[in-house]
Amino acid sequence: MPEKDKAVLEEICKAYNIKAEDLIRQFYLWVIREPEAAAQWLKGENNRKNAQRLFYSGGKEKISKN
């Protein structure tokens with residue numbers, strides 16, 4: 001990951017009091033759990049809807065703002 005992108009990701013995670021590694025792990029789990037939704041999101045389709053599904057779907061592990 002480019003340093004510029006890493007710095008942005010770390011700032012976002014800091015604002016939500018989570019670790020970047022945890023967010024990346026959650027993303028990979030979402031891709032495995034819902035590959036079609038993830039593909040649409042990566043293509044820029046339904047970004048808001050699918051981003052919400054990433055964080056609030058029925059996965060066992062959820063990342064939340066503490």
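Phe27, Tyr28, Trp30 and Trp41 come together as one aromatic cluster in this structure, which is a predicted model. Counted across the model, the aromatic pairs number four. In one of them, the ring centres of Phe27 and Trp30 lie 5.9 Å apart and the ring planes meet at 55 degrees, so this pair is tilted, because only planes over 60 degrees apart would count as edge-to-face and only those under 30 degrees as stacked. Both Phe27 and Trp30 belong to helix 2, where three residues, about one turn of the helix, separate them. Trp30 has a relative accessible area of 0% and is therefore buried, the cut-off for that term being under 20%.

Ala20, once its neighbours within four places in sequence are set aside, is in contact with Leu9, Glu10 and Cys13. As a general background, nonpolar side chains in soluble globular proteins tend to be buried together.

A word on confidence belongs with this picture. The protein has an average pLDDT of 78, and 67% of the residues score at least 70. Over residues 58-66, however, the pLDDT is below 50, although this stretch has 18 contacts in the model beyond near neighbours in sequence. Where pLDDT is low, the predicted coordinates should not be read in detail.

Note on methods: Residues are numbered from 1 along each chain as its sequence is written. This is a predicted model: local features need pLDDT of at least 70, side-chain atom pairs count only at pLDDT 80 or more; totals for chains, interfaces and linings use all residues. Side-chain values use heavy atoms; hydrogens and water are left out. pLDDT is the predictor's confidence in each residue, from 0 to 100. Contact means heavy atoms within 4.5 Å. Rings of Phe, Tyr and Trp (its six-membered ring) pair if their centres lie within 6.5 Å; planes under 30 degrees apart count as stacked, over 60 as edge-to-face and the rest as tilted. Helices (H or I, at least four residues) and strands (E, at least two) are DSSP runs, numbered from the N terminus. Buried means under 20% relative accessible area, exposed over 50%, partly exposed in between (1.4 Å probe, protein chains only).
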